[in-house]
Amino acid sequence: MASVTIRDVRKSYGAVEVMHGVSVDIDEGEFVVLVGPSGCGKSTLLRMLAGLEHITAGQILIGDKVVNDLPPKERDIAMVFQNYALYPHLTVAENMGFSLKLKGVSRHEIEQKVTPAAEILGLAHLLDRYPRQLSGGQRQRVAMGRAIVRDPQVFLFDEPLSNLDAKLRVTMRTEIKNLHHRLQTTTVYVTHDQIEAMTMADKIVVMHDGRVEQIGAPLELYDRPANLFVAGFIGSPAMNMIAGRIEGGAFVSEGGQRLPLPPGAHAGSGKLIYGARPEAITLGGDIPLTILVTEPTGAETHVVGQLGGTQVTCVFRERLTAGPGEIVNVAIDAAAVHLFDAESGVRLSN
Amino acid sequence: MPDQPASRPSLWRRIAESRNGLGFLFMLPAAVFLLCFLTYPLGLGVWLGFTDTRIGRPGEFIGLENYQWLNDDPVFWLSVFNTLFYTTIASVLKFGLGLWLALLLNRHLPAKNFFRAIILLPWVVPTVLSALAFWWIFDSQFSIISWLLMKWGLISQPINFLGDPWTARWSVIAANVWRGIPFVAISLLAGLQTIPQSLNEAAAIDGATPWQRFTKVTLPLLTPIIAVVMTFSVLFTFTDFQLIYVLTRGGPVNATHLMATLSFQRAIPGGQLGEGAAIAVAMIPFLLAAILFSFFGLQRRKWQQGAD
């Protein structure tokens with residue numbers, strides 16, 4: 001186990017800078033998720049951490065050792081690849097023991113390490129199979145097994161669940177989380193799926209265009225997104241954004257609808273974005289919502305509608321009898337409203 | 001009323017509407033082609049080997065007499081030796097150099113596509129043309145190699161490349177290797193590109209040195225392609241004819257006669273069609289052995305098989 005420090009790391013391909021000074025502190029044993037849309041640089045950052053990609057500027061420390069120029073094998077890390085990268089010509093047991101074999105560990109000792117790891121992952125009966133004889137979920141487990149056997153300082157996961165079907169993804173999510181709980185190894189996990197990030201992380205790093213947008217605990221990001229990007233990226237369905245300005249102690253949308261302001265919001269001038277999570281909008285109130293689509297999911301009802309000239313999504317706990325075209329009155333929980341500057345996207349309300 | 005014969009569909013209609021009949025029809029052109037240009041010549045060749053046919057005289061069946069005759073013929077056995085020597089050395093060299101070239105081309109090089117195209121040139125040039133170029137390179141007086149070595153003071157007189165049995169053998173092997181490398185290199189390059197980059201990265205993280213990554217990951221994953229490519233390469237080399245015929249015609253003193261060139265020499269200029277055919281037929285066991293070795297020894301890998 002070790003801490004990981006990323007200090008103002010930059011990456012350029014030729015003259016094009018793709019990573020503009022990223023700094024992240026990862027404590028020992030922490031489970032950190034790098035999340036962001038594709039092309040945001042999260043995988044590149046992970047690969048720089050692994051030593052597969054050169055660092056143009058800045059420093060990466062594993063423990064208190066600068067690893068910038070160390071080759072991957074000297075960094076004491078293990079990585080689970082998106083396509084698992086299992087050696088097709090080796091059995092499950094050989095795949096898992098490959099790194100130990102390279103180190104010259106005796107066959108007996110390899111077996112002693114592989115067997116318990118296989119048992120943890122439920123692979124004990126598959127040790128003699130070849131990767132192509134395994135299902136996606138099993139391959140995923142072998143890839144993790146290979147990492148566990150190494151007993152590294154840091155685990156790196158590069159979108160490990162993106163090749164699995166939705167149901168398996170949920171199961172594996174729990175398994176990975178469980179595994180981390182058991183082994184307490186520092187983990188850096190890359191995903192573009194914000195739900196994975198929310199459910200698994202101790203700390204989330206939201207990245208966008210080669211920059212860190214916000215770092216924090218999952219609910220911290222959910223409750224206090226630092227800017228419009230994080231606000232829109234975290235949460236599903238996404239936060240509703242209504243453009244407008246403050247007039248006379250209330251928020252007036254571009255469509256002329258007056259909306260309640262969060263307590264303590266100072267009457268700033270200029271264009272603002274009014275952010276309300278779908279569940280902050282509740283039935284019963286005085287704001288008219290024209291229903292466009294209703295999506296009953298059983299436990300709750302998702303409603304897409306027009307509110308003050310903007311399309312919004314609401315999640316109601318109640319079942320709704322009204323259909324498309326009808327108007328229902330809703331209220332917005334002012335305490336849960338976020339205000340952002342429309343120009344800079346920065347959060348204004350506290 | 002009984003069925004009226006007129007209402008039965010015609011034979012052609014019935015064939016055209018039946019799945020098997022239609023399949024047979026579609027197969028027919030290819031089958032005719034193969035029968036005429038592959039099976040018939042092969043069968044005729046095998047038959048000729050059992051006769052004493054000469055040019056201008058239909059032969060009679062003489063059983064294994066041709067083979068008995070060849071068995072006592074030192075020139076035939078020399079050609080067998082030459083062929084095996086030529087094939088073994090040339091194949092090993094083509095494999096080694098081809099693999100090395102493929103590995104080089106698989107890296108990120110500037111103007112990668114240009115180099116890949118250039119590599120193919122020896123393969124694209126007609127064999128006779130490249131053989132003529134080598135003939136000039138190996139010329140006993142005007143050889144550029146001899147000229148260079150003399151300029152550098154390494155030798156005092158031109159090397160008689162094609163005049164001495166052993167230099168002639170090595171010279172034709174060199175020409176064959178030059179011609180055969182592109183096929184091996186490009187095929188292996190294609191094979192290398194099917195190996196995901198992440199496997200190499202995983203191995204690097206697992207602690208493998210570059211050499212270990214090559215021997216423990218790249219090479220095992222490449223073996224199926226190597227097996228196919230080298231089978232073809234061995235077959236091409238074993239049956240080589242053009243290069244030898246242009247460069248040495250089997251000389252000096254039969255030192256570079258391969259079975260293919262000897263077969264032609266005896267059959268056409270020599271007029272002994274039966275004997276020539278017998279020499280050609282004698283190549284078949286060697287070729288079959290090569291194919292079977294490749295099939296059973298190299299291509300069947302457990303990790304590639306479908307079910308468990």
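How many nonpolar, polar and charged residues does the lining of the largest pocket have? It has 14 nonpolar, 9 polar and 8 charged ones (nonpolar means Ala, Val, Leu, Ile, Met, Phe, Trp, Tyr, Cys and Pro; charged means Asp, Glu, Lys and Arg; the others, Gly among them, are polar).

This is a predicted model, where local features need pLDDT of at least 70, side-chain atom pairs count only at pLDDT 80 or more, and totals for chains, interfaces and linings use all residues. Residues are numbered from 1 along each chain as its sequence is written, chains are lettered from A and ligands numbered from 1 in the order in which they are written, and side-chain values use heavy atoms, leaving out hydrogens and water.

**View 1. Aromatic pair B:Phe81 and B:Trp166.** B:Phe81 sits in helix α4 of chain B and B:Trp166 in helix α9 of chain B, so the pair ties together parts 85 residues apart in sequence (helices are DSSP runs of H or I, at least four residues, numbered from the N terminus).

**View 2. Aromatic pair B:Phe183 and B:Phe236.** Here's another edge-to-face pair: 5.7 Å centre to centre, 65° between the planes.

**View 3. A charge over a ring in chain A.** The charged end of A:Arg277 sits over the ring of A:Tyr222, 3.9 Å from its centre (NZ of Lys or CZ of Arg must be within 6 Å of the ring centre and within 35 degrees of the ring normal). Likewise, A:Lys177 has its charged end over the ring of A:Phe31, 5.0 Å from the centre.

Methods
Rings of Phe, Tyr and Trp (its six-membered ring) pair if their centres lie within 6.5 Å; planes under 30 degrees apart count as stacked, over 60 as edge-to-face and the rest as tilted. Helices (H or I, at least four residues) and strands (E, at least two) are DSSP runs, numbered from the N terminus.
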